[in-house]
Amino acid sequence: MMPESSLVKDHYGISVKCGAPLLRHFNQSSLPLHGNTNAQSAFCTQQNVPECLSHINQEVSSLGLRTIWTELDESSDLNVVTVLNCMHDLIQLHRRSLRTLENMEVEQLKSSSKLDYLQLSTTRLKEQLECSKRENTGLLERERQLQQKVKSLQNCLKNEKEEMQKLQNMIASRATQYNHDMKRKERDLNKLKERLSQLLVDKKERKQAIDVLNNIGRADGKRSVWKTEKTEAKHEGEMYKTLLSDYDARQRDLVLENAELRRVLHQVKNDMVSLLRLKKLTQKGVQNERDGTQANSEEEQEEEGFEPGKELFSVHASEKLTNSIRLQWRRLKSHVEQLDSQVSLAQVNAGKSSETTPRETQEEEVDKLKLEIQEYKDLIQTQQHLLQHQLSSSCDEITSLRNDGYMLQEKERLRGEWKTLEGQRSIFERERKNFTEAAIRLSHERKAFEEDRATWLKHQFLSLSPCGDPKKLMLSNPTGETELNLQLTQEKLSEFLSDSASTPKYRSSSSLSTVDLHHALHATPENLLIKPKVKTTNTEESRNLWEDFPILQELSEP
Amino acid sequence: MNFSEVFKQSNQLCKVSPDGKYLATCVQYRLVIRDVNTLQILNLYTCLDQISHMEWSSDSLFILCAMYKRALVQVWSLEQPDWHCKIDEGSIGLVSSRWSPDGRHILNTTEFHLRITVWSLCTKAVSYIKYPKACQKGLDFSRDGCYMALAERRDCKDYVSIFVCDDWHLLRHFETETQDLSGLEWSPNGCVLAVWESCLEYKMSLYSLDGRLLSTYSAYEWSLGIKSVSWSPSSQFLAIGSFDEKVRILNHITWKKIAQFEHPAIIDNTKATVYKEIEKRPAVSSDEMSLHDITVASSLFSTQSKYDISPLPVQIPVVKPDPDRANPKIGVSALAFSSDSRYIATKNDNMATAVWVWDMQKLRLEAVLEQTSTIRCFQWDPRRPRLALCTGNSKLYLWSPGGCVSVQVPAEGGFQVHSLNWHCSGDSLILIGKDQLCLCYMDADQNNE
């Protein structure tokens, strides 16, 4: 109801209000919209009412409202109803627009608050994103480290597995070896058991025995000796002699080697000293002065150690020698390093031209060397010619004859020596042959003698009484053997004696020492002791036996 | 190089006398003595059973023939064929028989190694040695023939006894540091005795002649240890070959290792020459084959071979041994020094077709010979640095520092060379096949090179 009341109120001021909007329309920018009654005179005045009316009509029609005035209406008075309607419409319109404006403002507020909210949330989310990214990289880093650890642990595991495999293989091979050995021992044991049982069952045991036609002499021809303490001591002595001679020889070799090495070291030191001296002469004066004092003291040291022949065996001297060598070596090294640096500097500074000069110098050197090689080759050839000439020359006859003469002399001498050696060798061969032949003969004779003896004894036992004359026994030897036979086999004699158990006279022993023989001879002169053991096949030695045992000689001679 | 004709032999028993004049061979139960140069039969002896072992005495006058099955030993004299000697061990059996260095005593080892009987041919006396150890090499004579070292085992402990060979006097008797002694060997100068353990532990002990322990050497623990041992003729070096395919050289002054020779499968970065045997089959053109060709050329069916120098790197064929078997075929099983101690030849069992020759002066590899089949035997010439080897085919191979040569043994019906022995003068070689033997005479000018 407000608009009506306002309309009623404004009924009288319409003209005034009309003027105001008109003015407002014209000066919209400078005038405020709401309730500006001050500018009511700007749009409509008493004079321009129809124009204002037509203008307002146009405006209203453009707004889509009913026109307030038509041209058919001739009265200048406005149709108040239409004008009021128009005003009402306008006010509605205005209200509507205000409402929409409010709505839009509300909407705008809402959207701006939403926008703010969204901005806040985006910043928060961005921060969160950053945070999580950082966490992610951290986690990735940890994962990488853990993976590396895993790899290394896997490697360790592989190594440990390999080690274990190796140990297992080793244990397996040892086990197979042990099993193999054990099986072998078990087989041996079984064989032993079998053999033992076989032996226990087997009645006739074959005994060990040796059957030799005749004993052979020792390889070195000497008699064997009985084992006594003296021989034991001799063996010990010989053993220690062998060891000592070996140590002596070794020590001699080492001494010679040491001397040689010391000599070489001295030579090296001298070479180094001379080298350094040369270099010192070519160096600048400043350096000389600098090193001069040092060198003097060193040279003094060198002078002291300069006695190659004398103090070879003192530790002090050898220490001095090695120290001086080390010193020289160090100086040589530093000098060479200096030279190297100088050369590199020179190379860097010189540039291209210097690159060609070393090449040129190299080529010059190569040419020089080639020339030298040619010269040496020529020299060798001429020397060869000379040598050939000398060998085949007949001009210097005297020296060649002399040489030939010496050669012939040597040859003759060697031939003579060779002849004597050959003669000796043949003599030895012959002697050995004789010995062996004698052995054969002896063995044959012994056999024959034994047979005869057997038959003779048989005769004796059958014919004679036990207390027969020993002399007669020896004399009536049918073969006429005058030599004492030297050895009887134990078996044969024991056989005879077992057959003839009633003859205590014929005690025998095949292994008696000479001492025992003497005792026996002195103790029981009536018993004939037969044949002491003598290890020789030489007939001459058998004659010696006669000399040793004159009693037997007496007994056998008639 | 001349080859003699082929003769029969049994049991690979062919030995030249120590003085180099006679050759003794066994054919079943006969002993045949020939002159070395003319190969005429000088003497023929008949034994009572098939001969298991034959040996010359040191003065070349007597020969020992042992028949293990019947526990008999017969000794024959070269000068008096009528002389005979028979040793019967009886029920106690016979496992090995050998001469003493003076050539007048015979040492018989009974079955089960119960004892060693020492028979004297001078006095028919008998001595006994108790508790000998049954191992790879339990008995060794020193080179000058004065002393004998014997390994004994009493109460589960190892001992070594040193006897004086003159009168079999026991010089020293001492316990060794070993758990299970496997072998012992005198140094050539007779002053040091090397004693080594079984392969379960790598341990080499060195004893002086008077029984003092000089040093022990152990390269590593737990794995299989020593496989082969050899002294250098100058007594300066002791070479030890082991299951880890390496050879270690000890020196006689400090008894420490001075060199280690390895046998890698790929040879590279060395100044050595590698000789490879190449077989080339002869071209057979059937049209031109005449009767003459067929009868004369036994080389028609045998392949010619020559040596080529292989450029480095070279790969040597390796055969991995069966891990489940005892005494695996891996490691250095054969070592030999040349007579001047300048070279050493080695063979690694899992590279059995190759022989490695090392220079002892420079302590590095000198040459490798790669053959087409497994190497059976190699031996150095006793006078000069020349190595002869055979691989079971009909060829003889020789290496010297100047080069390498492969020679076909001209024998009808094919002659497979199983082992070889040099004559003591280095002028000839005895080639031994399965049941044949052949002599190879070197040329005089070859020898003088």
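**Close-up views of a predicted two-chain model**

**View 1. Backbone exceptions in chain B.** B:Gln12 lies in the loop that joins β2 (7-8) and β3 (14-16) of chain B; strands (E, at least two residues) and helices (H or I, at least four) are DSSP runs numbered from the N terminus. Although not a glycine, B:Gln12 has a positive phi of about 55 degrees. The peptide bond from B:Leu312 to B:Pro313 is cis, its omega being near -10 degrees. B:Pro313 belongs to the loop between β29 (304-310) and β30 (314-315) of chain B. Most residues other than glycine have a negative phi, and most peptide bonds are trans.

The model is predicted: local features need pLDDT of at least 70, side-chain atom pairs count only at pLDDT 80 or more, and totals for chains, interfaces and linings use all residues. Residues are numbered from 1 along each chain as its sequence is written, chains are lettered from A and ligands numbered from 1 in the order in which they are written, and side-chain values use heavy atoms, with hydrogens and water left out.

View 2. Strands β39 (residues 419-422) and β40 (residues 428-432) of chain B pair in the antiparallel sense over 4 bridges; pairing requires at least two DSSP bridges between two strands. B:Trp422 has B:Leu429 of β40(B) as its bridge partner. Between the two strands of the hairpin are 5 residues, and B:Gly426 in the turn has a positive phi of about 75 degrees.

**View 3. A salt bridge between chains A and B.** A:Glu236 and B:Arg172 meet through their side chains in a salt bridge (2.6 Å, N to O). This pair crosses from helix α6 (residues 229-282) of chain A, which holds A:Glu236, to strand β18 (residues 169-175) of chain B, which holds B:Arg172. Over all chains the structure holds 29 salt bridges, each defined as a side-chain nitrogen of Lys or Arg within 4 Å of a carboxyl oxygen of Asp or Glu.
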